[in-house]
Amino acid sequence: MGAGQSRDGELEDSDSEEEEEEEAEAGTGQSPPSVPSHAPFSSKLGSTSPSFKSGLGEIDSKLDNLSLSRRRVAQGPQKGKLYRHIGGNTPKAQWVVAAKSVSWEFSREGDCDDDESDDGDEKGVSWNSWFLLVGSRVSARVDEKLQAKFFGEQLRVDFVHYGVWALKFTSRTDFQDFETEFRNCLFENTYLLEATEENKIKVFGKDFIGWANPEAADDSVWEDAEDSFDMPVGTKPLKEDYVEPSKGIIQSLTMGALDHSYLVSVKGIEAVKNLPSGIHGKGVSVMFNGPGSTSYSTPKKAMLIRGESNLMVLSPNDESASHSSSVQQVDVGTGKIVSQWKFEKDGTAITMRDIVNDSKGSQLDPTRSTFLGLDDNRLCRWDMRDRRGIVQQLASPVLDWTEGHQFSRGTNFQCFASTGDGAVVVGSKDGKVRLYGTTSMRMAKTAFPGLGSPITHVDVTYDGKWVLATADSYLILISTVFKDKDGKTKTGFTGRMGNNIAAPRLLKLSPLDVHLAGKNYKFQHGQFSWVTESGRQERNLVATVGNFSVVWNFRRVKDSSHECYQVTRGLKSCYCYRIIPKDESIVDSKFMHDSFSLVSPNAPLVVATPNKVSSFNVSKD
């Protein structure tokens with residue numbers, strides 16, 4: 001599979017509209033829910049109690065006070081032409097006409113089933129959300145799950161809702177009205193505030209107004225890319241250079257820069273050999289006690305330390321938890337667990353959500369005894385030596401909390417990563433991305449506002465100039481570069497960025513590719529290719545989306561003249577990528593270390609599914 005752009009295609013009318021539409025619905029295995037009547041919400045209550053009706057009346061009154069009308073387009077429902085994509089990724093794939101003339105509008109009345117609603121969303125429920133209604137075919141809550149993609153030249157918007165749809169407008173005015181109202185509804189559904197300039201400042205802050213109004217943002221930090229790119233963007237599938245089955249269900253990948261990388265599975269750790277052509281063969285395995293054992297816990301993550309001679313293995317306290325009270329140290333030469341370290345602060349046991357190396361290349365340092373830890377409200381550095389600096393040799397030693405901060409209020413930290421010099425970026429459940437310098441973990445130097453979705457994974461370039469944050473529906477690429485009052489170039493890790501902050505770029509899939517990615521199509525584990533020395537530049541970005549590994553060329557994404565950015569409103573989004581499809585959901589995708597790019601411009605890409613691991617050369621066409 002290739003670039004998402006290559007499959008959007010032009011819309012062509014079909015002579016057999018009804019027959020093809022029947023085929024389209026049969027091919028999806030499910031039909032969209034019928035659009036409800038447009039009666040007021042209170043009229044659909046039936047025999048509900050008077051007190052419940054009274055409560056709804058108060059809710060309606062509050063909504064009216066917010067000046068949020070029941071309809072978004074003042075002149076009433078508009079007309080357009082609705083298409084549906086059929087055939088998936090087969091040679092027979094095509095767009096067919098679903099309705100030659102269909103009305104559309106944004107309304108507060110709609111149906112929101114369990115699959116389409118926000119899981120655990122505490123901000124609101126279906127009755128106060130904006131819905132997109134398109135004839136009798138579509139009734140969908142306006143949110144990022146629609147994956148709306150706008151085509152200005154074609155006067156068209158594509159989106160996902162029980163299939164892939166395209167709505168084509170009769171005039172540019174209608175198209176612009178739709179886009180404006182869609183973005184306003186999206187803002188209001190996300191933040192529960194009316195889409196006014198005042199409220200946008202309230203959400204993003206004055207320093208980040210470019211995030212709310214990207215057209216007015218300073219884009220000078222986005223460099224022009226070079227003329228040529230190392231990674232082709234085409235439609236030919238990539239060939240697997242090597243496939244290795246796993247002894248257990250793979251949970252994650254741990255990449256080494258030297259001889260071996262590691263598969264973290266439910267049964268333990270398996271080593272694979274690193275070669276310039278990719279991973280190959282098996283090495284030492286560490287098999288833990290199986291389920292049912294009193295000492296068993298499924299490994300979640302492994303981290304290499306001390307010149308890659310040891311692994312630190314993080315396992316949740318129980319199968320349903322995401323926090324660990326200890327970490328196991330494994331000698332990779334013998335495959336034996338040598339210690340189980342406890343997390344304690346001031347003599348009290350605590351938990352950690354995640355651990356990472358002190359810096360991008362510190363796992364290669366044979367003398368390094370420290371690493372970073374993160375929990376919901378904690379950011380700290382752990383030391384495997386005692387307070388006197390002596391390496392502990394006990395069977396169950398306690399890690400020394402050398403520095404960090406335990407925040408009193410809910411920061412809801414979710415993930416973090418370190419730069420080449422040891423600065424730290426942290427992603428939070430509220431969507432914020434915080435940058436901590438090398439001198440203090442108490443106060444962030446910079447805090448980027450959230451875009452409405454939790455951050456589930458973060459990565460940062462070796463030089464700290466770029467941050468990649470993963471949300472369920474997209475990746476967020478952020479530039480941390482700014483110039484201080486003396487004109488010196490700095491990053492947000494070293495100082496306050498001021499109010500001249502560039503808007504981020506979003507990396508998305510086309511609606512069609514989102515639909516084809518499978519049920520579990522959330523973006524996961526977005527990260528840069530791996531560099532551990534100054535002067536080397538990351539070349540690519542990769543993320544997993546359902547059954548797809550998706551690769552973006554870093555220089556192409558940064559190119560301000562890139563065609564994806566020419567006709568767009570709102571935050572600029574890049575749809576130029578390459579897809580590596582698998583026949584099952586992908587667990588993790590990571591590039592090998594930059595040193596393995598000797599036989600190719602790019603280091604091989606390693607892709608893990610639950611049952612096997614593969615490597616690819618993304619430079620091949």
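The legends below describe close-up views of a predicted model.

**View 1. Confidence across the predicted protein.** Mean pLDDT for the protein is 81. At least 70 is reached by 76% of the residues. Strand 28 (residues 457–460) has the highest confidence, at 98. Helix 1 (residues 17–28) has the lowest, at a mean of 41. Residues 18–30 have pLDDT below 50, and beyond near neighbours in sequence this stretch has 21 contacts in the model. Residues 224–229 also stay under 50. For residues 224–229 the model has 10 contacts beyond four places in sequence.

**View 2. Strands 21 and 22 side by side.** Strand 21 covers residues 370–375 and strand 22 covers residues 378–383. The two run antiparallel and are joined by six bridges. Leu372 stands opposite Arg381 in strand 22.

View 3. The model holds 22 aromatic pairs. One of them joins Trp382 and Trp401, with ring centres 5.6 Å apart. Their planes stand at 85 degrees; over 60 counts as edge-to-face, so this pair is edge-to-face. Trp382 lies in strand 22 and Trp401 in strand 23, so the contact ties together parts 19 residues apart in sequence. Trp382 has 0% relative accessibility and counts as buried. Trp401, at 13%, counts as buried too, because the cut-off is under 20%.

**View 4. Helix 3 and its end.** Helix 3 spans residues 172–191, 20 residues in total. At 1.5 Å a residue, helix 3 should span 28 Å. Its end C-alpha atoms lie 29 Å apart, which agrees. Of its 20 residues, 14 are buried, so helix 3 is largely enclosed by the rest of the structure. Leu192 follows helix 3, and its phi is positive, near 55 degrees.

**View 5. A cluster of aromatic rings.** Ring pairs link Trp104, Phe106, Phe150, Phe169, Phe175, Phe178 and Phe182. Among these cluster members, Phe175, Phe178 and Phe182 fall within the residue range of helix 3, 172–191.

Methods:
Residues numbered from 1 in each chain as written. Predicted model: local features only at pLDDT ≥ 70, side-chain atom pairs only at ≥ 80, totals over all residues. Heavy atoms only, no water. Pairing = 2+ DSSP bridges. Helix = DSSP H or I, 4+ residues; strand = E, 2+ residues; numbered from the N terminus. pLDDT = per-residue confidence, 0-100. Contact = heavy atoms within 4.5 Å. Expected span 1.5 Å × (residues − 1). Buried < 20%, exposed > 50% of the residue type's maximum accessible area, 1.4 Å probe, protein only. Phe/Tyr/Trp six-rings, centres within 6.5 Å; stacked < 30°, edge-to-face > 60°.
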